[in-house]
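Work through these exercises with the model open. Try each task before you read its solution.

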Amino acid sequence: MQKCVLSLISCPGRRIRLTVICTVACVLAFAAGVVCAQQGGGGTGSGNTPAGPLVRPVQDSAGAAAIERVFNDLVRSIHDTSLPPRLEVTDGSNVTVAAYFPGERVVRVDARLYEVCRTFGTDADNALAVVLGHELVHCYRGFRAAREFGNGAYRDDLHRMASEKIVSEETEADLIGGFYCRMAGYDGTRVMPELLEKVYDAFNIPDTLQDYLPKSGRKTIALRVGNQLSRLLPIFDAANFLSLARRYAEVQRCYDHVLRWFPSREIYNNAGVASLLQVLPIIYSEDVGFIYPVELDADSRLRGTDVLNGQIERSTRSPTAKDSAHIVQLLDDAEHRFRGAQERDGTYAPALVNLATVYLLRREYQRAIDTAAAAMAADWGPMTHILGTIVQSIAYVRLGDPDKARRMLQALRESAQQYNLGAIVDADLAVVNKEDLHVPGGLGKPSPNETIGGFRGRDTSALTPPEFDDTLAGTPRARILSGRQSGYSMLRMQGDTSWIQFIWTGTEYDGATRLGIRIGSTADDVLGAYGDRPRLVNARQGVYFIYDYSKLIFLIGPGGKVLKWGVYAVG
């Protein structure tokens, strides 16, 4: 398992430690990228870039570089806890199109695929992401229906699989692959099934293959999945954006809606985390004495925090009787969803760590210890070890064995620093040791009303008419509306009596904020203009700098530059 955090963004004159704990398994990430999701993920800009060497020299090095870049984006965004596969770009002599080889744990891609994808113009990267995302599903989910994209003829064991199983697995691989693409910031819905047609033609794949679907059947799956994704992805996006604004009840509704059509382990896990995050602001004060590994923006929660004689000083209140009943319901909801993830993958470590946190908050301490141990047994990666150990150490304190908890946390300090979780371990150690610890705080600077495309965050006319308009399942009534204009996009969650709206720049937006920040500005520029204490949320594409007072959000990429920015408003 790789890091779930962006280690350090280096700015001239500043070094900002971005510490965000994530046990969330957000498949979701935000095209905008937010809710931190599972725990894994190396990729471009990290020390865990999964791409391997080219197995054969290829003449088109630009094509190989493009394939590698998109592959790394996808792997970083998926954040699966298992070891990522290697990438090998070949001259096509030992693979047709793209294929995952489980015995070697490698994805091989014919370099000629790049030329096919280039015919889509500005959607070239989206087309590459469709193919690579599909193969990564076969890797991470162990699907066997096809080893090669769109071409199952080369798989020796296909004759043992019923056609219904092939249809089921290819459908799910396309669907999950579509979410993988969105998580990495790509939109594959626009190019498939046209991509399939071009791949079949360019690689001379017969329309009918032994032991596999005919081309017409494969295209039917692509069309059906494309339609389904077009209905689910805007709601998925809404969940991610709402997470940035800490609107966790609305986040949970969005995930629950997606679960009706796409009951994956990741979505179940994310829905559970949304329930769990609603508990922390109202939980009993004596239970808030630690930083829990489920907190998405733990770095920001630490800022301005004092540990005085082992007590974390932060805003909490004793719950009322109504609060107590709500806590029980939320913890039950969280457990139900984490178990839903387990039913789909009993060794899925993020859900196990999160379930252990539920038991902590219920004061079922031995159960929390055992469940965290199960997570660490299922995944030997360092992040799961760190997070699971934090859960266990808190439980041992509650069971009256602070010495054991102290030894466990002290043993974590070096590895926790490596994964940018050192501040969390230090805070929890200060609690165990009854020591003092101060983390400096600060506020962002107030900013004037920002606009994107001439619209403020509260300008509802920005979505007239919407391209997407759907009503969430359940009550109270709520609609998700979204649309795109040249250079920017909008999304609104509209209830009967309230709404929240986001407007985001595209990556090619040529405008600037009122204080001169634009796409490509540095993190240092943002901090200088808007203040050096934004709330930080780790994401698949980078880190969000969130200025809550101004309702202004910047996405900072691994290179320390602004990838996009957004405004939002609540009414």
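**Exercise 1. Is strand S11 (residues 488-495) largely enclosed or open, and why?**

Step 1. Strands (E, at least two residues) and helices (H or I, at least four) are DSSP runs, numbered from the N terminus. Buried means under 20% relative accessible area, with a 1.4 Å probe and protein chains only.

Step 2. Count. In S11, 8 of the 8 residues are buried, so the strand is largely enclosed by the rest of the structure.

Step 3. Sort the side chains. In a regular strand they alternate between the two faces of the sheet. Tyr488, Met490, Arg492 and Gln494 point one way from S11. Ser489, Leu491, Met493 and Gly495 point the other way. All of them are buried.

The model is predicted: local features need pLDDT of at least 70, side-chain atom pairs count only at pLDDT 80 or more, and totals for chains, interfaces and linings use all residues. Residues are numbered from 1 along each chain as its sequence is written, and side-chain values use heavy atoms, leaving out hydrogens and water.

**Exercise 2. Which strands pair with S11?**

Step 1. Apply the rule: two strands pair if DSSP finds at least two bridges between them.

Step 2. Take strand S10 (residues 478-485). S10 pairs with S11 in the antiparallel sense over 8 bridges. Arg479 has Gln494 of S11 as its bridge partner. The two strands form a hairpin with 2 residues between them. In that turn, Gly487 has a positive phi of about 95°.

Step 3. Take strand S12 (residues 499-505). S12 and S11 are antiparallel too, over 7 bridges. Trp504 in S12 stands opposite Ser489.

**Exercise 3. What span should helix H15 (residues 422-433) have, and is the helix largely enclosed or open?**

Step 1. The expected span is 1.5 Å times one less than the number of residues. For the 12 residues of H15 that gives 16 Å. The end C-alpha atoms are 16 Å apart, which agrees.

Step 2. Check burial. In H15, 9 of the 12 residues are buried, so the helix is largely enclosed by the rest of the structure. Among them are Gly422, Ile424, Asp428 and Val432.

Step 3. Look past the end. Lys434 follows H15 and has a positive phi, near 55°.

Note on methods: Buried means under 20% relative accessible area, exposed over 50%, partly exposed in between (1.4 Å probe, protein chains only).
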